[in-house]
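This report describes one protein model, working from the overall fold down to single residues. Please keep the sequence and the 3D view open while reading.

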Amino acid sequence: MTEVPGVTTVQPPERLLRACHLPALIADDDGRGRVVALRQFVKDWAASDDVRRRRMVADAPLRHRPWHRLGPRRFDLARIAAVVDGLCERDNLSPPAWVASHRADRPVSLTQQRLAPTKWNAWVRSVAPPACERHNVWFVPTALDDYRVHGFR
């Protein structure tokens, strides 16, 4: 950047959604919070370079509340890990160490608690990125794309 005499430039604060922020955003959802938070994370990832991406995933996410290890929130960390692992794998970055410690104990999708045995879900599993199998969280590869859809920021 070139300095201009008499002109002060102010850099805006870096606004990144980080993986460690996701559990709180998912837990405070309004019925679509899980999808909105993960979609925003994917969008921020797409708009970042490798240095910023490493910063986005450097700190491990923790459960927002202790009781989230039970009930429908118990899969949140596995979902976050699967998305981070899939993004790192796709973009040739090594995933952070914390990613390996999160796996769902049964097949789940990004939005549902159980992956029902349907033809659609069989197809999803057949085309899913390798990260999905490692975390037992299933989604199609396009879930990691940056869609600029009305209603998502």
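## Basis and terms

A residue is called buried when its relative accessible area is under 20%, exposed when it is over 50%, and partly exposed in between, using a 1.4 Å probe and protein chains only. The model is predicted, and local features need pLDDT of at least 70, side-chain atom pairs count only at pLDDT 80 or more, and totals for chains, interfaces and linings use all residues. Residues are numbered from 1 along each chain as its sequence is written, and side-chain values use heavy atoms, with hydrogens and water left out.

## Overall make-up

The protein chain contains 6 helices and 2 strands. These elements are DSSP runs numbered from the N terminus: helices are H or I runs of at least four residues, and strands are E runs of at least two. Read from the N terminus, their order is α-α-α-α-β-α-α-β.

Of the 153 residues in the protein chain, 41% are buried. The chain exposes about 9,200 Å², and carbon and sulfur atoms supply 56% of that area; accessible areas come from the Shrake-Rupley method with a 1.4 Å probe, and for residues only the protein chains shown count as cover. A contact means heavy atoms within 4.5 Å. Among contacts between residues at least 6 apart in sequence, 68% join residues at least 24 apart.

Helix H4 covers residues 76-90. The expected span of a helix is 1.5 Å times one less than its number of residues. For the 15 residues of H4 this gives 21 Å, and the end C-alpha atoms are 21 Å apart, so the two values agree. H4 is mostly covered, with 13 of its 15 residues buried.

Ala81 belongs to H4 and is buried, because its relative accessibility is 0%. Apart from neighbours within four places in sequence, Ala81 is in contact with Trp98, Val99, His102 and His135. Ala81 and Val137 are separated by 56 residues in sequence, yet their C-alpha atoms are 9.1 Å apart in space. His102 lies in the loop between H4 and strand S1 (108-109). With a relative accessible area of 16%, His102 is buried. Residues up to four places away in sequence aside, His102 touches Leu77, Ala78, Ala81 and His135.

## Two asparagines with positive phi

Asn92 follows H4 and has a positive phi, near 60°. Its place is the loop between H4 and S1, and it counts as exposed because its relative accessibility is 72%.

Asn136 also has a positive phi, of about 60°, although it is not a glycine. Asn136 sits in the loop between helix H6 (130-135) and strand S2 (137-138). Is Asn136 buried or exposed? Asn136 has a relative accessible area of 8%, so it is buried.

## Aromatic pairs and a charge over a ring

How many aromatic pairs does the structure hold? There are 2. Rings of Phe, Tyr and Trp (its six-membered ring) pair if their centres lie within 6.5 Å; planes under 30 degrees apart count as stacked, over 60 as edge-to-face, and the rest as tilted. Phe41 and Trp45 have ring centres 6.3 Å apart and planes at 40°, so this pair is tilted. Phe41 and Trp45 are 4 residues apart in helix H2 (residues 33-46), which means about one helical turn separates them. Phe41 is buried, with a relative accessible area of 0%, and Trp45 is buried, with a relative accessibility of 0%.

Trp120 and Trp123 form a tilted pair, with 5.0 Å centre to centre and 40° between the planes. Trp120 and Trp123 are 3 residues apart in helix H5 (residues 119-127), so about one helical turn separates them. Trp120 is exposed at a relative accessible area of 55%, whereas Trp123 is partly exposed at 42%. Elsewhere, Arg125 lies over the face of Trp138, at 4.5 Å from the ring centre. A charge sits over a ring if NZ of Lys or CZ of Arg is within 6 Å of the ring centre and within 35 degrees of the ring normal.

## Cysteines

A disulfide is a covalent bond between the sulfur atoms of two cysteines. Here it is taken as a pair of cysteine sulfur atoms within 2.5 Å, and by this rule the count is 0 disulfides. Cys88 is buried, with a relative accessible area of 1%. Cys132 counts as buried because its relative accessibility is 0%.
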